[in-house]
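Keep the 3D view open while you read.

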Amino acid sequence: MKSIYTKLVFIFISVIILSLVFTFFIASKYFIKNIIAEVQEDLNEVGENFISIYQINDGNNQVETTLNMLSKNYSLTIYDGSYKVIIKNNAPKKFAVKKKNIESVLSGHHFPISKSSDKHPYIVGIPFERNGENYALFVQPNFERGFFKMHRILFSSLLTTLIIGSITFLFVAKLLVKPIKALTEATNEIAKGNYDVRVAVNRKDEIGFLSTHFNVMTEKLGKLEEMRSEFVSNVSHEIQSPLTSIKGFAKVLKNRELVNGKREHYISIIEEETERLSILSERLLKLASLDSDQHPFEPTMYHLDEQIRKVIVTLEPHWERKKLQLILNLPQTKIVADRLLLEQVWINLLQNAFKYSNNGGIISVDIIDQPHECSVIIKDNGIGISKENIERIFERFFQADQSRHKHGTGLGLSIVQKIIEMHEAKIMVNSMIGEGTSFTVILPKS
Ligand SMILES: Nc1ncnc2c1ncn2[C@@H]1O[C@H](COP(=O)(O)OP(=O)(O)OP(=O)(O)O)[C@@H](O)[C@H]1O
Ligand SMILES: [Mg+2]
C-alpha cells in the first residue's frame, strides 16, 4: 500500500523537479538564446580587436599586454597551420577545441557555423591571415566571472532549495500524516468494538475538526451500542416473562383434578399473556420499521378534528369501563400529515390518558388552530407522573409504575415520539403526581 506520506513526498518532489525543468526549458528557449547571441557577438568583437592588434604589432609587448588585460574575462588561443598553439593567455577554459574545428577555422570558416545548432555556444573561432599564413583564433569567456558565475550561483541556490525543501517536507509531511495515522488506529479500535478510544485534538485546522468530530461520533456510537444492548436485554426480558407464566399455567392445566373455576381463570391468564406477547411483537415491529427510515411517509391533507373524534369512538370501551367524562373542544382543523401514523399518536396518547385515570376521571381533548401550527392537548386528572420519571417516559420499555407493568409494553410513547420526529413536530408533557397529566403535540402546518 502506498501511504499518504509517500504520496505527499513523491508529489512534492515531482512538482518541484517538474517546475525546475519547466522553468529551465522556458528560460533556455526564450532567454538563454538571446544571451548566447549577445555573448557570441561580444566574443567575436573581442576576437576581431585582438586580431587587428596582433596583426599590427608583431612580436612586441603590446600583444602581451593586451592578452594579459583580456585574460581576466576571456580566454584566447591562436593555432597555426599545424594546429600548434602559438599564443594563449592563462584564463581558465571550459571547452577544449577539437581538431576538426581548428581545421575548419583554418580553412576560413567561422566557428560556430550556425549559432543555434552548435553544442558549444560560448566559444567562437575566427580565421585570419598574417604574413600569408592562416591562423585560427578561439575565444571563450572566463566562466568564473560575471554572468556565468551568477548563473552557477543561481543553479546551486535552486539545487539547495530543492534539497533543503525536500528534507523539510519529509518532516512536515510526517507531522501532517501523524494525526491521520492516529485516526486510523482509533478507527481500528472502534471496529473491534472499543468505543472508549479517543484521539488527541491539539490543532485548529481541518484535521483538528476531523478529530473533534471523530470523538463526538465515537461517543455517540458508544451510547448507541449501550442502548442497543440494553434494548436487546429488555426485549428478551419482556418476552421471557409472559412465556414463563404461559408455560407455568399450561403445566398446571394438565392436572385433571383442577376445579372448573380455576381452570378458566388459568386459561384466561394464558390468553392475556399471549395477547401481551402479540402486542409486544406488533409494537417492536412498528418501532423497527419506523427506525429503519424505510417506513412509508405519505402526508395528505385531512380534517384533524374528525380523525380525533373517530379515535375516541373506537376507544369507547376503554373510557366507558371507567365511566370517564370526556370534554372535547375540536374545532374544524385541516392539516397535512401522514394520516395513519398520526392516528397511532392519538390512540397511544388517549389510551394512556384512559389507562392512567381513576374511575370517573375527566379527560379533555383540545385543538388550538393557529396560522402556522396547530396544537392538540390531551389532558387527564389521573395518577400523574413524578418529576424524575417524566424525563424517562419516552425511553423504550420505561414504565413508571411497575405494579401496572402487566398492562403495557412501555413502547407506546417511544412510537409516538418517533412519529412526531418524522413530522418535524414537537411533544411536551406537563404532569403532577396525583393531579394529572397533559400532553401537547404541536404540528407545523407547512
Ligand atoms: N397520561 C399518563 N398519566 C400518567 N402516567 C403516564 C401517562 N402516560 C404515560 N405515562 C407513564 O409513562 C409510561 C410510558 O408510557 P407508554 O405509553 O410508553 O407505555 P405504557 O403505557 O406503559 O405501555 P403501552 O403504551 O405499550 O401499553 C407509562 O408506563 C406510565 O408510567
Ligand atoms: Mg401507553
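The paragraphs below take the pockets, then the ligand, then the backbone.

This is a predicted model, in which local features need pLDDT of at least 70, side-chain atom pairs count only at pLDDT 80 or more, and totals for chains, interfaces and linings use all residues. Residues are numbered from 1 along each chain as its sequence is written, chains are lettered from A and ligands numbered from 1 in the order in which they are written, and side-chain values use heavy atoms, with hydrogens and water left out.

Rolling a probe the size of a water molecule over the atoms shows where empty space is left. A pocket is an open set of points, on a 1 Å grid over the protein atoms alone, where a 1.4 Å probe fits, with protein on both sides within 12 Å along at least five of seven lines; lining residues have an atom within 4 Å of a point. A volume is the space filled by probe spheres set on the points, which are joined across faces, edges and corners.

The largest pocket has a volume of about 1,300 Å³. Its lining holds 46 residues. Nearest its centre lie Asn352, Lys355, Tyr356, His407 and Gly408. Which helix gives the largest share of this lining? It is α9, with nine residues. Helices (H or I, at least four residues) and strands (E, at least two) are DSSP runs, numbered from the N terminus. Among the other elements that supply at least two residues each are α6 (260-291), β9 (373-380) and β11 (436-444). At least three lining residues come from each of domain 2 (203-295) and domain 3 (298-444). The domain bounds come from an automatic or database domain assignment.

The second largest pocket has a volume of about 760 Å³. It is lined by 24 residues, with Met227, Glu230, Phe231, Glu395 and Arg396 closest to its centre. Here α5 gives the largest share, seven residues. Where does this pocket lie? Domain 2 and domain 3 both give residues to its lining, so it lies between them.

Now turn to ligand 1. Polar contacts are pairs of N or O atoms within 3.5 Å. A side-chain N or O atom of arginine 283 is 2.5 Å from an oxygen atom of the ligand. For the side chain of asparagine 352, the distance to a ligand oxygen is 2.9 Å. Glycine 410 uses a backbone N or O atom, 3.0 Å from a ligand oxygen. On its own, ligand 1 has 590 Å² of accessible area (Shrake-Rupley method, 1.4 Å probe), and the protein covers 96% of it.

Two backbone details remain. The peptide bond from phenylalanine 111 to proline 112 is cis, with omega near -5°. Proline 112 sits in the loop between α3 (99-106) and β3 (124-130). Asparagine 131 has a positive phi of about 50°, although it is not a glycine. Its place is the loop between β3 and β4 (133-141).

Definitions and conventions: Polar contact = N/O pair within 3.5 Å; in protein donor to acceptor, adjacent residues only side chain to side chain.
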